[in-house]
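Reader: I would like a close look at one part of this model, with the cut-offs behind each term stated as you go.

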Amino acid sequence: MNNPETWHKVDLVRRRDASAPGGWAYEAHLMVLTSGYASPVTKARRAAAANLDRVGGIDGNVSNLCVVSFPDTFDPAAREVSSARVELTNDELAALEKARRKERGRKRALDRSRRSTNPAQYTPSKRQQDRAARREAADLPERQVQTPGGARAANKAGVPKQAYRRDTLSAGYRFNRARVAEAAATAAAAKDHRARRIAERIVAEHGANLVVEDCDIRTWYRLWGKTLQATTPGRLIAAIGTECEKTDGRLLRASTVNTKLSQTCLCGAEVRKTLADRVHRCTSCGLIADRDMVSAALAAHVRLTDPDDPSTAGLDTVQARTTQILFSPGLQEVLSSQPQRGARPSRDRTPAAAHGPGISGQRASARRNTPDRYRPTPNETRPAHQRHKDHVGTAARAGNAAARGEIPTRKLIGWHPIRG
């Protein structure tokens, strides 16, 4: 900031602010051609983590994230085995449930507002139709329905007779829509902040050389949907990878086809398990432990011929068996943490609607009636998917890339961000 030679340009950006006129707040961002800022405390922490000389593995799933690390020499005299589990606490689950209820209420208010402003575009609900039939049978005058509760008026092909973008929207609707977008941006920023803090603690304790299975998070979303929005395993793993790079290490990804960590024991025997089996029981060596911890310990013994190609990964079963023997006094205790209940899709539901226990999902009717929030407003002339979103939850990724010297760093002028 004090060196004008590094100044690149000033951008005018906007972010959602329901209290601002039009629902947007405008800010001036100064972009400078330099690496990202790191405090002296952060630099000292990363330097200490780079000198840990440890290797570790990560097992991420829907409900938790487990980390197990060993000395890089696999010598018990160097340092003992260490493990950690990241999961949502009861307070965090209660806060998420409260936020979801509030979000659901706001979306229902949006739907009621749209229906009240455009009653001709909706049909009465079954209850409203039955009420009208009873009044007609009792020879009572017809009552005008102010807010139809039925489906959208459509033709025989199911296409709405009028496009959503042509609906009339009230000022209250626009205000509530801005509040929904603002709350979503705040929640995304809070999740990014939480992921970075967790990544810092994991790398500081287990080192910057970690291995994780190369899983497709999109497949998980098709099975568990809303649950992943609470635990955000993909966000956590991405944050750990970024922190490893900043600590002169690397987070390697191993293909699950070659390693099969969840179906293998440290002794090399195959232990078949389903998603419902959360405890690892090996009949060959007698190891009984949490399956996630065992998978994380095995990930530390994965070797890659090409670090950039996950398909070249292979499990070093000889080293894993040797580690089990050398660390046998404390390994059983480390891996036998309290197992969590398995995350399985709910029965009698479609995969997209399944959700985990304790966290209520959104009803199918609420999803079906969720209004189109890409409707342009006087201050919103482009659809949301075409707008620049670095200031709404994705600025952290840009800052991480800037810290590695890949892109310029953007700094803010004249305002203080709200921490989620």
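This is a predicted model: local features need pLDDT of at least 70, side-chain atom pairs count only at pLDDT 80 or more; totals for chains, interfaces and linings use all residues.

What should the 28 residues of helix 2 (residues 90-117) span at 1.5 Å a residue, and how far apart are its end C-alpha atoms?

Author: Residues are numbered from 1 along each chain as its sequence is written, and side-chain values use heavy atoms, with hydrogens and water left out.

Helices (DSSP runs of H or I, at least four residues) and strands (runs of E, at least two) are numbered from the N terminus. At 1.5 Å a residue, helix 2 should span 40 Å, and its end C-alpha atoms are 41 Å apart, which agrees; the expected span here is 1.5 Å times one less than the number of residues.

The buried residues of helix 2 are Glu97, Arg100, Lys107, Leu110, Asp111, Ser113, Arg114 and Arg115, where buried means under 20% relative accessible area, exposed means over 50%, and partly exposed lies in between, with a 1.4 Å probe and protein chains only. As background, an α-helix has 3.6 residues a turn, so residues three or four places apart point the same way. Among the elements that cover the buried residues of helix 2 are helix 4 (171-206) and helix 6 (226-231), contact being defined as heavy atoms within 4.5 Å.

Helix 2 and helix 4 pack with their axes 9 Å apart and at an angle of about 155 degrees; axes are lines fitted to C-alpha atoms, for helices over the stretch in contact, and angles run from 0 to 180 degrees between N-to-C directions. The two helices, helix 2 and helix 4, are therefore roughly antiparallel to each other, since angles under 35 degrees count as roughly parallel, over 145 as roughly antiparallel, 65 to 115 as roughly perpendicular and the rest as oblique. Their crossing, that of helix 2 and helix 4, is left-handed, a term used if the near helix is turned anticlockwise from the far one by less than a right angle, with right-handed used if clockwise. On the helix 2 side, Glu92, Arg106, Ala109, Leu110, Ser113 and Arg114 meet Tyr173, Asn176, Arg177, Arg179, Val180, Ala183 and Arg194 of helix 4. Leu110, Ser113 and Arg114, which take part in this meeting with helix 4, are also among the buried residues of helix 2.

Helix 4 has another partner, helix 7 (233-246), and the axes of helix 4 and helix 7 come within 8 Å and cross at roughly 50 degrees. That angle makes helix 4 oblique to helix 7, and helix 4 passes helix 7 in a right-handed crossing. The residues of helix 4 that make this contact include Ala188, Lys191, Arg194 and Ile198, and those of helix 7 include Arg235, Leu236, Ala239 and Ile240.

The loops on either side of helix 7 complete the picture. Thr232, in the loop between helix 6 and helix 7, has a positive phi of about 45 degrees although it is not a glycine, and at 5% relative accessibility Thr232 counts as buried.
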